[in-house]
Amino acid sequence: MKTELFCFLKEQMNRYPDANISDTAGMTWSYKDFLHSAEAFAEQLTCHKYGIYCRSEFWSALAVLACIRAGVT
């Protein structure tokens, strides 16, 4: 289920598909790849509630975006 918030974020990120997201640990992905990964991850989320515990800001951001995309909390 694509939420209104996810659609807005995706629209804004798709305006700059080659822009990068990175964190202090050195992970860097383009917006295009980040969105693709978040959407693929969202397809695997089948429960209604999740806890997010990641060792980096990058993976936390990807998990949050996937949850927004899946419409789960």
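Partly exposed means a relative accessible area between the buried range, under 20%, and the exposed range, over 50%. Keep that in mind for these close-ups of a predicted model.

**View 1**

**View 2. C67 and its closest cysteine sulfur.** Start from the sulfur of C67 and the closest cysteine sulfur belongs to C54, 9.4 Å off. That's too far for a bond, because a disulfide needs the two sulfur atoms within 2.5 Å. C67 itself is buried, at a relative accessible area of 10%.

**View 3. R69 and its link to E43.** Here we're in helix α3, which covers residues 57–70 and includes R69. R69 counts as buried, since its relative accessibility is 10%. Follow its side chain and you'll find a polar contact with the side chain of E43, at 2.9 Å.

**View 4. Helices α1 and α2 crossing.** Helix α1 (residues 4–14) and helix α2 (residues 31–42) have axes that come within 9 Å and cross at roughly 155 degrees. So α1 is roughly antiparallel to α2. On the α1 side, the contact is made by F6, K10, M13 and N14, and on the α2 side by Y31, F34, L35 and E39. As for handedness, α1 passes α2 in a left-handed crossing.

Definitions and conventions
Residues are numbered from 1 along each chain as its sequence is written. This is a predicted model: local features need pLDDT of at least 70, side-chain atom pairs count only at pLDDT 80 or more; totals for chains, interfaces and linings use all residues. Side-chain values use heavy atoms; hydrogens and water are left out. Buried means under 20% relative accessible area, exposed over 50%, partly exposed in between (1.4 Å probe, protein chains only). Helices (H or I, at least four residues) and strands (E, at least two) are DSSP runs, numbered from the N terminus. A polar contact is a pair of N or O atoms within 3.5 Å; within protein, one must be able to donate a hydrogen and the other to accept it, and residues adjacent in sequence count only if both atoms are side-chain atoms. Axes are lines fitted to C-alpha atoms, for helices over the stretch in contact, and angles run from 0 to 180 degrees between N-to-C directions. Angles under 35 degrees count as roughly parallel, over 145 as roughly antiparallel, 65 to 115 as roughly perpendicular and the rest as oblique. A crossing is left-handed if the near helix is turned anticlockwise from the far one by less than a right angle, and right-handed if clockwise. Contact means heavy atoms within 4.5 Å.
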